[in-house]
Amino acid sequence: MEKKNLDWENMGFSYMQTDKRYVANYKDGKWDDGALIDDANIVMNECAGVLQYSQSVFEGLKAYTTEDGHIVTFRPDLNASRMVDSAKRLEMPPFPEDRFVDAVAQVVKANAAYVPPYGSGATLYIRPYMFGINPVIGVKPADEYQFRIFATPVGPYFKGGAKPITICVSDFDRAAPHGTGHIKAGLNYAMSLHAIVTAHANGFDENMYLDSATRTKVEETGGANFIFVTKDNKVVTPHSSTILPSITRRSIMYVAEHYLGLEVEERDVYFDEVKDFAECGLCGTAAVISPVGKVVNHGEEICFPSGMEKMGPVTQKLYDTLTGIQMGHIEAPEGWIKVIE
Ligand code: PLP
Ligand code: COI
């Protein structure tokens with residue numbers, strides 16, 4: 001298979017149409033067989049559930065080229081099960097988990113020419129999603145759904161790659177107690193758009209959201225979870241029922257404990273203690289691990305000792321180990337890597 005002639009080294013995090021996508025339809029109470037198709041456009045009724053009441057959920061994962069030339073994905077089974085949780089919360093019929101994992105493999109294989117080469121710094125981003133497609137005018141769930149997966153090659157989520165970023169404490173809230181913050185629903189991202197545009201306009205790369213009930217605890221950003229490192233090298237991540245259970249974060253906590261022998265804690269993290277941490281990072285499929293150099297709260301700056309030039313030493317070790325597992329030069333825990341071809 002010949003690779004596309006793309007500028008792999010200089011890609012941003014943006015959409016590029018690739019050759020094939022997967023589509024399955026849910027009608028009369030069941031999913032059809034699904035298939036790979038060529039058409040990247042979707043035609044739907046003007047009153048489709050997704051258009052009127054935002055009934056949509058999605059996932060994000062990546063395919064990597066390993067050092068020895070295989071194409072692999074990272075823990076796709078966890079994306080499959082998280083999408084089931086998301087679907088149930090929005091009264092959508094779950095897409096079967098084994099079919100999800102198989103469909104991801106089909107899409108990656110069919111677009112293998114777009115999987116960035118090893119060492120390029122780019123990866124193939126895979127976007128499974130599902131939405132209500134039949135007309136809905138009273139507020140209720142749709143009866144018919146479409147599940148799709150497309151793939152697009154991407155570079156780093158934040159411009160500048162691994163350079164530390166500056167974030168601000170948001171005055172807006174991302175998720176309500178007992179709301180939908182713990183699932184990957186499109187609506188969570190729609191309501192974060194004003195907050196991110198505001199943050200960018202004020203010169204910040206991202207928002208730090210606090211818990212909306214008390215505004216005293218750190219939750220997450222618009223598209224990633226937090227990890228912090230204490231001055232005595234403990235890896236700490238916020239525990240909350242209103243943040244998305246990041247697969248990257250769960251993997252990092254495992255790697256910290258079992259590969260690097262570090263102490264780990266998932267617990268309430270109060271904003272007041274952020275100033276005492278040595279390192280801070282954002283973690284997610286798109287963000288990988290993006291170091292945070294500075295947090296600004298209404299003009300008051302918290303500058304981490306790791307600085308604005310490079311990742312802190314523990315964040316760097318976590319990054320190297322996680323990406324080493326994904327790129328195949330560090331042995332993965334059982335079941336983490338699915339070889340596509
Ligand atoms: N938090 C939010 C709000 C996200 O959108 C994402 C991205 O998927 C994450 C965290 C990171 O999750 P994961 O590591 O599973 O990609
Ligand atoms: C991901 O990391 O896959 C996400 O969905 C985050 C999004 C902000 C791109």
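Colleague: Let's begin with N233. Buried, exposed or partly exposed?

Modeller: N233 counts as partly exposed, at 38% relative accessibility. Buried means under 20% relative accessible area and exposed over 50%, with partly exposed in between, using a 1.4 Å probe and protein chains only.

Colleague: What should I know about the model before we go on?

Modeller: It is a predicted model: local features need pLDDT of at least 70, side-chain atom pairs count only at pLDDT 80 or more, and totals for chains, interfaces and linings use all residues. Residues are numbered from 1 along each chain as its sequence is written, chains are lettered from A and ligands numbered from 1 in the order in which they are written, and side-chain values use heavy atoms, with hydrogens and water left out.

Colleague: Back to N233. Where does it lie?

Modeller: N233 is in the loop between β11 (225-229) and β12 (235-238). Its phi is near 70 degrees, a positive value in a residue other than glycine. Helices (H or I, at least four residues) and strands (E, at least two) are DSSP runs, numbered from the N terminus.

Colleague: And E91, what is its phi near?

Modeller: Phi of E91 is near 55 degrees, which is positive, and E91 is not glycine. E91 sits in the loop between α2 (76-89) and α3 (97-110). E91 is exposed, at 55% relative accessible area.

Colleague: T66 is in a loop too. Buried or exposed?

Modeller: T66 is buried, with a relative accessible area of 6%. Its loop runs between β5 (61-65) and β6 (71-74).

Colleague: Ligands now. Which residues come nearest to ligand 1?

Modeller: Y189, E220, S246, T248 and T285 come nearest, out of 16 residues around ligand 1. Near means that one heavy atom of the residue lies within 4 Å. Both α6 (247-258) and β14 (279-284) supply at least two residues of that shell.

Colleague: What are the polar contacts there?

Modeller: A polar contact is a pair of N or O atoms within 3.5 Å; within protein, one must be able to donate a hydrogen and the other to accept it, and residues adjacent in sequence count only if both atoms are side-chain atoms. A side-chain N or O atom of E220 is 2.5 Å from a nitrogen atom of ligand 1. A polar side-chain atom of T248 lies 2.5 Å from an oxygen atom of ligand 1. A polar backbone atom of I247 is 2.8 Å from an oxygen atom of ligand 1.

Colleague: How much of ligand 1 does the protein bury?

Modeller: The protein buries 96% of the 380 Å² that ligand 1 exposes when taken alone. Those accessible areas come from the Shrake-Rupley method with a 1.4 Å probe; for residues, only the protein chains shown count as cover.

Colleague: And ligand 2, what are its polar contacts?

Modeller: A polar side-chain atom of Y125 lies 2.6 Å from an oxygen atom of ligand 2. For the side chain of K184, an N or O atom is 2.7 Å from an oxygen atom of ligand 2. T285 uses a backbone N or O atom, 3.5 Å from an oxygen atom of ligand 2. Taken alone, ligand 2 exposes 280 Å², and the protein buries 89% of that.

Colleague: Which other residues are around ligand 2?

Modeller: Among them are F13, F58, R127 and Y157.

Colleague: Switching to strands. Why is β8 largely enclosed by the rest of the structure?

Modeller: Because 9 of the 10 residues of β8 (residues 145-154) are buried. Strand β7 (residues 123-132) pairs with β8 in the antiparallel sense over 10 bridges. Two strands pair if DSSP finds at least two bridges between them. R127 has F150 as its bridge partner in β8. Strand β1 (residues 21-27) also pairs with β8 in the antiparallel sense, over 5 bridges.

Colleague: How many residues of β15 are buried?

Modeller: 8 of the 10 residues of β15 (residues 288-297) are buried, so β15 is largely enclosed by the rest of the structure.

Colleague: In what sense do β9 and β15 pair, parallel or antiparallel?

Modeller: Parallel, over 4 bridges, with β9 at residues 165-169. In β15, K294 is the bridge partner of T166. K294 also stands opposite C303 in β16.

Colleague: What joins β14 to β15?

Modeller: A hairpin, through 3 residues. β14 and β15 pair in the antiparallel sense over 5 bridges.
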